[in-house]
Amino acid sequence: MPVTVLLVDDEPLVRAGLRAVLEAQPDIEVVGEAADGAAVIPLVRLLRPDVVAMDVRMPLLDGIEATRALLRSVAAPPKILVVTTFENDEYVYGALRAGADGFLLKRARPAEIVHAVRLVAEGESLLFPASVRRLAAEYGDGDGNRAARAALERARLTGREGEVLRLMARGLTNAEIAAKLVVGTETVKSHVSAVLAKLGARDRTQAVIAAYESGFVAPG
């Protein structure tokens with residue numbers, strides 16, 4: 001079955017470009033388009049896409065609020081890939097905190113766009129560690145940090161789970177973590193699942209945000 005994608009962007013040329021890139025792949029199908037985040041929920045319910053590629057800045061409902069509303073309102077929601085012009089945008093960090101699975105730059109090469117869609121569809125998070133560190137350092141201060149610290153303390157991660165979380169925050173895949181720790185990939189998957197469950201995180205992205213905001217991993 002192909003990976004199905006819903007494109008959400010207020011610029012028709014951006015949508016057309018993404019559609020052309022994605023539909024050139026035999027395993028990806030663009031099932032719909034929207035020009036604003038306000039149209040996301042009804043289209044997701046109708047089309048049931050695997051991935052929503054969503055602009056972060058839109059006139060009526062931006063990518064942050066659309067992500068938050070989608071995850072709150074739709075059972076078994078699709079993966080959300082935020083598409084942005086500027087990687088250091090506060091809106092990007094807001095969307096990641098709201099539950100997006102990763103972000104993609106509009107200037108990305110076609111191969112990178114295709115890889116990003118496949119990656120998030122498979123349940124992996126698309127993170128650029130240096131960019132996320134910068135975003136966390138700039139926008140992760142305040143009350144959110146106190147809440148994140150308390151959540152991490154309640155999680156009571158084991159020593160090995162803490163190691164895995166730190167490596168996740170560096171952007172390593174399960175296979176790379178397994179090689180680093182000299183353990184099997186299935187063992188790493190078990191540790192990742194335990195970390196997500198203990199933190200109450202939807203996915204790896206949310207766990208990494210929690211790691212930075214709590215100070216467990218230094219964003220600088």
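# Report on a predicted chain

In this predicted model, leucine 105 in strand β5 is the bridge partner of threonine 84. Strand β4, residues 79-84, and β5 pair in the parallel sense, and four bridges join them. Strand β5 itself covers residues 102-105. From β5, Gly102 and Leu104 point one way, while Phe103 and Leu105 point the other way. All of these β5 residues are buried.

## The sheet and the chain as a whole

The pair of β4 and β5 belongs to an open sheet of five strands, in the order β2-β1-β3-β4-β5. Pairing in this sheet is parallel. β2 (28-34) and β5 stand at the edges with a single partner strand each, so one side of each has no neighbour in the sheet. From one strand to the next, the twist averages 25°.

Besides its five strands, the chain has 11 helices. The chain holds 220 residues, of which 49% count as buried. Among contacts between residues at least 6 apart in sequence, 69% join residues at least 24 apart.

## Two helix pairs

Two packed helices are described by the angle between their axes and the distance between the axes. The table gives these values for two pairs.

| Helix pair | Angle between axes | Distance between axes |
|---|---|---|
| α3 and α4 | about 5° | 8 Å |
| α8 and α9 | about 130° | 10 Å |

Take α3 and α4 to begin with. Helix α4 spans residues 90-98, and its angle with α3 is about 5°. α3 and α4 are therefore roughly parallel to each other. On the α3 side, the contact is made by Ile64, Thr67, Arg68 and Leu71. On the α4 side, Tyr91, Gly94, Ala95 and Ala98 take part. Sorted by class, the contact of α3 with α4 has five nonpolar, two polar and one charged residues.

The other pair joins α8 (residues 159-169) to α9 (residues 174-181). Their packing angle is about 130°. This angle makes α8 oblique to α9. The crossing of the two helices is right-handed. Arg160, Glu163, Val164, Leu167 and Met168 of α8 make the contact with Ile177, Lys180 and Leu181 of α9. By class, this contact of α8 with α9 has five nonpolar, no polar and three charged residues.

The buried residues of α8 are Glu161, Gly162, Val164, Leu165, Leu167, Met168 and Ala169. After α8 comes glycine 171, with a positive phi near 90°.

Most residues other than glycine have a negative phi.

Arginine 48, which is not a glycine, has a positive phi of about 50°. This arginine 48 is found in the loop between α2 (40-47) and β3 (51-55). Arginine 48 counts as partly exposed because its relative accessibility is 40%.

Alanine 76 likewise has a positive phi, near 50°, in a residue other than glycine. The loop that holds alanine 76 lies between α3 (63-73) and β4. With a relative accessibility of 65%, alanine 76 counts as exposed.

Serine 193 lies in helix α10, which runs over residues 185-199. A relative accessible area of 46% makes serine 193 partly exposed. Between serine 193 and arginine 204, the C-alpha to C-alpha distance is 9.2 Å, and the two are 11 residues apart in sequence.

Helix α11, residues 204-213, contains glutamine 206. Glutamine 206 counts as buried because its relative accessibility is 14%. Leaving aside its neighbours within four places in sequence, glutamine 206 is in contact with Leu96, Arg97, Gly99, Ala100 and Ala201.

Notes:
Residues numbered from 1 in each chain as written. Predicted model: local features only at pLDDT ≥ 70, side-chain atom pairs only at ≥ 80, totals over all residues. Heavy atoms only, no water. Buried < 20%, exposed > 50% of the residue type's maximum accessible area, 1.4 Å probe, protein only. Pairing = 2+ DSSP bridges. Axes fitted to C-alpha atoms, helices over the stretch in contact; angles between N-to-C directions. Parallel < 35°, antiparallel > 145°, perpendicular 65-115°, else oblique. Left-handed = near helix turned anticlockwise from the far one by under 90°. Contact = heavy atoms within 4.5 Å. Nonpolar A, V, L, I, M, F, W, Y, C, P; charged D, E, K, R; others polar.
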